[in-house]
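Trainee: I would like to take a close look at one part of this model, with the geometric criteria spelled out as we go.

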Amino acid sequence: MDIYLPIAGMAVNALFMIALGGLVGILSGMFGVGGGFLTTPLLIFYGIPPTVAVASATTQITGSSVSGVFAHMRRGGVDMRMGLVMIAGGLVGSLAGAGIFRLLQASGQIDTVIGLLYVLLLGSIGGLMLRDAALALGWIPTPEKSAKRARHNRWVASLPMRWRFYSSGLYISPLAPLALGFVAGILTVLLGIGGGFILVPAMIYILGMAARVVVGTSLVMILAVSAVSILIHALTTQSVDIVLAALLLVGGVIGAQYGAILATRLKPDLLRLALAVIILLVALRMALGLAWRPDEIFSIEYM
């Protein structure tokens, strides 16, 4: 069952796209990640132009974040003040990311840059997750614990203009969460990822936020920034393919339900190990795609 994607300019198998969205939804439900960092590379492997893959994958992030935000707000798991500060940084980062995106698009290097950033990002995240999983499973010796670490980074503690974030139990400068939001905004526009798998560790280890409000606050920020990123892409790059986005969302919603069921039946450390292996395999495939000589060296694109 083929369907034509008007923005991508190609026909795809609709059932395959729904299945792809379902696969990412299962991973999201199992591992608690947005899935954007896997959706975009998988779409590129299928043959979707990277610019369209990035912009369209962002819509899936937005859709999957809505229910999560409401669930965390109901149980008081959101620091709204912290979220608003990060959203402010994310909005500025989205505008900066859109400018970078347009410059790279005009120079003809956007596909290469997207591929390189994904290889670096997925390779580093996958390597760290693999190491943590191996430690948890006892496959490598656990390093001896040194002196007790500070709750948040010394650099964050030295910043001026401190505010109180009561839900997080913090008294820190808003400049640190602003900077985190700025980086996440750039990544959302450039790579079509929500950034949760970067934001959550940063909020815990750099800002020192309480674990009970980290995920909900991160989702609030991701929801707002990804929605703005979709609007920016629609108005500037014109790369959002609504047909592709709808197919991915249908599969993602269904898959997430099954992923949540599977997560309760499998050991968490093994789940983390499996996700690390998947991420590293995707990074390897992206690296091969950048280095491997294509069958057709030159191609012509009609604008």
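Over the ring of which residue does the charged end of Arg164 sit, and how far is it from the ring centre?

Mentor: The charged end of Arg164 sits over the ring of Tyr171, 4.3 Å from its centre, where the criterion is NZ of Lys or CZ of Arg within 6 Å of the ring centre and within 35 degrees of the ring normal. This is a predicted model, in which local features need pLDDT of at least 70 and side-chain atom pairs pLDDT 80 or more, while totals for chains, interfaces and linings use all residues. Residues are numbered from 1 along each chain as its sequence is written, and side-chain values use heavy atoms, without hydrogens and water.

Met161 lies in the loop between helix 6 (154-157) and strand 3 (163-165), these elements being DSSP runs numbered from the N terminus (helices H or I, at least four residues; strands E, at least two). The phi of Met161 is positive, near 60 degrees, although the residue is not glycine; Met161 counts as exposed because its relative accessibility is 55%, given that exposed means over 50%, buried under 20% and partly exposed in between (1.4 Å probe, protein chains only).

As for aromatic pairs, the structure holds two, with ring centres within 6.5 Å (six-membered ring for Trp) and planes under 30 degrees apart called stacked, over 60 edge-to-face and the rest tilted. Phe16 and Tyr46 are stacked, at 5.0 Å and 25 degrees, and connect helix 1 (residues 14-31) with helix 2 (residues 36-46) across 30 residues. The rings of Trp163 and Phe165 are tilted because their planes stand at 35 degrees, with centres 6.3 Å apart; Trp163 is partly exposed at 35%, whereas Phe165 is buried at 1%.
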